[in-house]
Amino acid sequence: MASLFTPSPTTRSGGGDAVYVAAVPLKAAAGPPQLIMSMAYSLNLSYLQHFMVLIKPSSLTHQEVSVFDFQPRNPESIEAAISVLSGNLIPGVVLERRLKKVPRQRCWLVGSCQGNAMEMAIDFNNSWGTDLRVGVHDCRNYTNELVQHLTGEIQILERLPRS
C-alpha cells in the first residue's frame with residue numbers, strides 16, 4: 001500500500017478520484033551514469049528522483065491507475081544528459097501510462113479530486129509547455145502544479161516524507 005501523507009487543511013478530500021505522487025530513479029545512459037543515479041535514489045536525494053502523478057478513479061468499474069509525468073523526450077541520450085547538466089532547454093514530453101495498481105513504495109496519497117480527475121489532467125497537460133529545463137520547468141514543477149490543479153495542495157513535493 002502507498003504511504004499515507006497528511007494533507008494540508010485546504011486539501012479537497014473525500015469521495016473523488018484519489019491523487020498520488022510517486023518517485024522513481026532518474027533514467028540515465030547505461031554504465032556509470034546509471035549506477036550513480038541508482039545510488040542517489042537509494043540515498044533518497046530528492047533532486048535525483050523523477051516524480052509522477054497517479055490518479056486512481058473512484059469508480060468501481062475502472063480499477064487501473066493512470067500515471068502522468070513530464071520528462072525529456074529521450075531521457076537516456078547523451079545529448080539529454082549534456083543539456084540537463086548545462087542547464088539548457090531540452091525537448092520534453094508529457095506522458096500518460098497505466099498501471100494495474102498503486103505502487104507499494106515511494107508513493108504517497110496526497111488528496112482527492114472532486115471533479116473528473118482524468119479530464120482535468122488532460123486539460124492541464126494540453127496547456128503544459130514542453131521545453132524542459134531542470135530546476136525551472138521539470139518533473140518537480142509539473143508534479144507540484146498538476147497536484148495543485150487536482151487537489152488544491154500547494155508545493156506538495158516540499159512536504160512529502162523524506163524516507
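**Notebook: salt bridges, strands and aromatic rings**

**Entry 1. Salt-bridge network.** I found Glu64, Glu96 and Arg98 linked in a network of salt bridges, a salt bridge being a side-chain nitrogen of Lys or Arg within 4 Å of a carboxyl oxygen of Asp or Glu. The model is predicted: local features need pLDDT of at least 70, side-chain atom pairs count only at pLDDT 80 or more, and totals for chains, interfaces and linings use all residues. Residues are numbered from 1 along each chain as its sequence is written, and side-chain values use heavy atoms, with hydrogens and water left out.

**Entry 2. Overall layout.** I noted four helices and seven strands in the chain. Helices (H or I, at least four residues) and strands (E, at least two) are DSSP runs, numbered from the N terminus. Along the sequence the elements follow the pattern β-β-α-β-β-α-β-β-α-β-α. The chain has 163 residues, of which 40% are buried; buried means under 20% relative accessible area, exposed over 50%, and partly exposed in between (1.4 Å probe, protein chains only). Among contacts with a separation of 6 or more, 75% come from residues 24 or more positions apart, contact meaning heavy atoms within 4.5 Å. I recorded an accessible surface of about 9000 Å², with 58% of it belonging to carbon and sulfur atoms. These areas come from the Shrake-Rupley method with a 1.4 Å probe; for residues, only the protein chains shown count as cover.

**Entry 3. Strand β4 and its partners.** I looked up the strands that pair with β4, where pairing requires that DSSP finds at least two bridges between two strands. Strand β4 (residues 65–72) runs antiparallel to strand β5 (residues 90–99), with eight bridges between them. Phenylalanine 68 has glutamate 96 of β5 as its bridge partner, and aspartate 69 has leucine 95. Strand β3 (residues 49–56) is also antiparallel to β4, joined by three bridges; there leucine 54 stands opposite valine 67. Eight of the eight residues of β4 are buried, so this strand is largely enclosed by the rest of the structure. On a further pairing of β5, I noted two bridges to strand β7 (residues 131–132), again antiparallel, with proline 91 opposite aspartate 131.

**Entry 4. Individual salt bridges.** The structure holds five salt bridges. I examined glutamate 64 with arginine 98, whose closest N and O atoms are 3.9 Å apart. Glutamate 64 lies in the loop between β3 and β4 and arginine 98 in strand β5, so the pair ties together parts that are 34 residues apart in sequence. Glutamate 64 is partly exposed at 33% relative accessible area, and arginine 98 is partly exposed at 41%.

Arginine 97 and aspartate 69 also meet in a salt bridge, at 3.0 Å from N to O. This pair links arginine 97 in strand β5 with aspartate 69 in strand β4, 28 residues apart. I recorded arginine 97 as partly exposed, at 34%, whereas aspartate 69 is buried, at 0%.

I then looked at glutamate 153 and arginine 159, which form a salt bridge with the closest N and O atoms 2.3 Å apart. Glutamate 153 is buried, at 0% relative accessibility; arginine 159 is partly exposed, at 32%.

**Entry 5. Aromatic rings.** I noted five aromatic pairs. Rings of Phe, Tyr and Trp (its six-membered ring) pair if their centres lie within 6.5 Å; planes under 30 degrees apart count as stacked, over 60 as edge-to-face and the rest as tilted. The rings of phenylalanine 70 and tyrosine 142 have centres 6.2 Å apart and planes at 35°, so this pair is tilted. Phenylalanine 70 lies in strand β4 and tyrosine 142 in helix α4 (residues 139–151), so the pair ties together parts that are 72 residues apart in sequence. Phenylalanine 70 is buried, at 1%, and tyrosine 142 is buried, at 0%. Not counting residues up to four places away in sequence, tyrosine 142 touches Phe68, Asp69, Phe70, Val94, Phe124, Asn125 and Trp128.

**Entry 6. Positive phi values.** Most residues other than glycine have a negative phi. I recorded arginine 106 with a positive phi near 50°; arginine 106 is in the loop between β5 and β6 (107–113) and is partly exposed, at 22%. Glutamine 155 also has a positive phi, near 50°. Glutamine 155 sits in the segment after α4 and is partly exposed, at 41%.
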